[in-house]
Amino acid sequence: MLQATIPEIVIDTDCGVDDTFCTANFVALHKAGKCRIRGITTVCGNITTDSAYQNTRRLLREVLRADDIPVLRSGCSEFNDKHCSFFYGKDGHKGALSHLSENVYPTEITEPTSEQFLEEILSNAHTRPVTIVAIGPLTNLALVERRNPGILNNANSIIIMGGAIHDEGNCPKTNMASEYNFGMDGPSAHTVLAGRNIVLFPLDLTTKIRFDMDLILKRSEALPEEQSNFFKSIVNGAFESMVEYGEASKDDRRLNIHDVHCFIYFVRPELYQVTDMKLTTDKDGVCLTCDEDSPRPTVGVALSVVDPLVVQEVAISMFEAVSFI
């Protein structure tokens, strides 16, 4: 009897609160032997290039107890450091990671950069299939594609949180003209969207699916005390930021957790209604639809969910599936 192949993934992240909900769920799956995380590549986005690397290392070691997963630092995204919004604070987690650990993790000279790691993984994807989960600006992936045209097509799929098809943007760098991940590096979004096997989760979906904050806080109590306190802290901090920036009212205790949809789709794709569209972006990362006769491949765009309550349950399944010890 043939043994089922365990799916392998690489997560490309800028390490914010919503990234952590996506990453932690994948780590729970990894620890349960239901997927294999080949590595986590970091990129400048919510926080600076080095902060994204440092805080992803802290998250993996201090919170999720997953030292077996390599974390790589971007070698190509520092040009964006001056544009970071710090929506979730300097550590991407409203101080929760900085409070938990002040460890500084040096980048080993022998380690590849994020983009070198992705290039190696994708070069061998014909014999070792991989899915890329991209939940930050697309700087790393685009550089790999520019160096090796067509290499992104080697991935089984590339699941991306980014873009806004009809909705307004949320990126200060572009005066809110575009979604944050695309707006931070519009040319890279343009490059990556020319590839095949892409599924996109835009603001049109992620801002409309709100997660019950009090339910998340209650479910997090299933974790050991240190991890439970961490998740409670970032949930409360994320809600404070949403209220501060006018994305929620104090009386509506529900969260947007944009990036977690990439995880939910990975394990339960049938929960999303995905429409094929031909898309490109302008230099600011504003999504533009192409004519039907355009040579650009179609992108699968998730614009609605089948059952919001089930989506929420999958998003917080990590609290019951595994304790991060």
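This is a predicted model: local features need pLDDT of at least 70, side-chain atom pairs count only at pLDDT 80 or more; totals for chains, interfaces and linings use all residues.
Biologist: Which residue of strand 4 is the bridge partner of I9?

Modeller: Strand 1 covers residues 8-13 and strand 4 covers residues 131-134. These two strands pair in the parallel sense, over four bridges. In strand 4, the bridge partner of I9 is T131.

Biologist: Is strand 12 largely enclosed or largely open, and how many of its residues are buried?

Modeller: A residue counts as buried when its relative accessible area is under 20%. Strand 12 has seven residues, 299-305. It is largely enclosed by the rest of the structure, because the number of its residues that are buried is five.

Biologist: Which residues of strand 12 are the bridge partners of V199 and M277?

Modeller: Strand 6 and strand 12 run parallel and are joined by two bridges. Strand 9 and strand 12 pair in the antiparallel sense over six bridges. For V199 the partner in strand 12 is G300, and for M277 the partner is V299.

Biologist: How far apart are the C-alpha atoms of K278 and V299?

Modeller: K278 is placed in the loop between strand 9 and strand 10 (279-281). Neighbours within four places in sequence aside, K278 has contacts that include L288, D291, R296 and T298. K278 and V299 are 21 residues apart along the chain. The separation of their C-alpha atoms is 6.0 Å.

Biologist: How many salt bridges does the structure hold, and which residues are linked in a network of them?

Modeller: The total number of salt bridges is 15. The residues linked in a network of salt bridges are E8, R36, R38 and R128.

Biologist: How many residues apart are D167 and K208?

Modeller: The side chains of D167 and K208 form a salt bridge, at 2.8 Å from N to O. The pair links distant parts of the chain, with D167 in the loop between strand 5 (157-161) and helix 6 (180-184), and K208 in the loop between helix 8 (203-206) and strand 7 (210-212). The two residues are 41 residues apart.

Biologist: Is D67 buried or exposed?

Modeller: The side chain of D67 meets that of R61 in a salt bridge of 3.3 Å, N to O. R61 has a relative accessible area of 37%, so R61 is partly exposed. A residue is exposed when that area is over 50%. D67 has a relative accessibility of 54%, so D67 is exposed.

Biologist: What is the N to O distance between E270 and R268?

Modeller: With a relative accessibility of 46%, E270 counts as partly exposed. R268 is partly exposed at 30%. Their side chains meet in a salt bridge, and the N to O distance is 2.3 Å.

Biologist: Which residues are the closest to the centre of the largest pocket?

Modeller: The largest pocket holds about 580 Å³ of space. Helix 1 (17-31), helix 6 and helix 10 (225-244) each give two or more residues to its lining. The lining has 27 residues, and the closest to the centre are F87, N170, Y180, E247 and H258.

Biologist: How far apart in space are L100 and E226?

Modeller: L100 lies in helix 3 (residues 96-100). Neighbours within four places in sequence aside, L100 is in contact with E62, V63 and E226. L100 and E226 are 126 residues apart in sequence. From C-alpha to C-alpha, the distance in space is 9.0 Å.

Methods:
Residues are numbered from 1 along each chain as its sequence is written. Side-chain values use heavy atoms; hydrogens and water are left out. A salt bridge is a side-chain nitrogen of Lys or Arg within 4 Å of a carboxyl oxygen of Asp or Glu. Buried means under 20% relative accessible area, exposed over 50%, partly exposed in between (1.4 Å probe, protein chains only). Two strands pair if DSSP finds at least two bridges between them. On a 1 Å grid over the protein atoms alone, a cavity is a set of points where a 1.4 Å probe fits but cannot get out, and a pocket is an open set with protein on both sides within 12 Å along at least five of seven lines; lining residues have an atom within 4 Å of a point. Grid points are joined across faces, edges and corners, and a volume is the space filled by probe spheres set on the points. Contact means heavy atoms within 4.5 Å.
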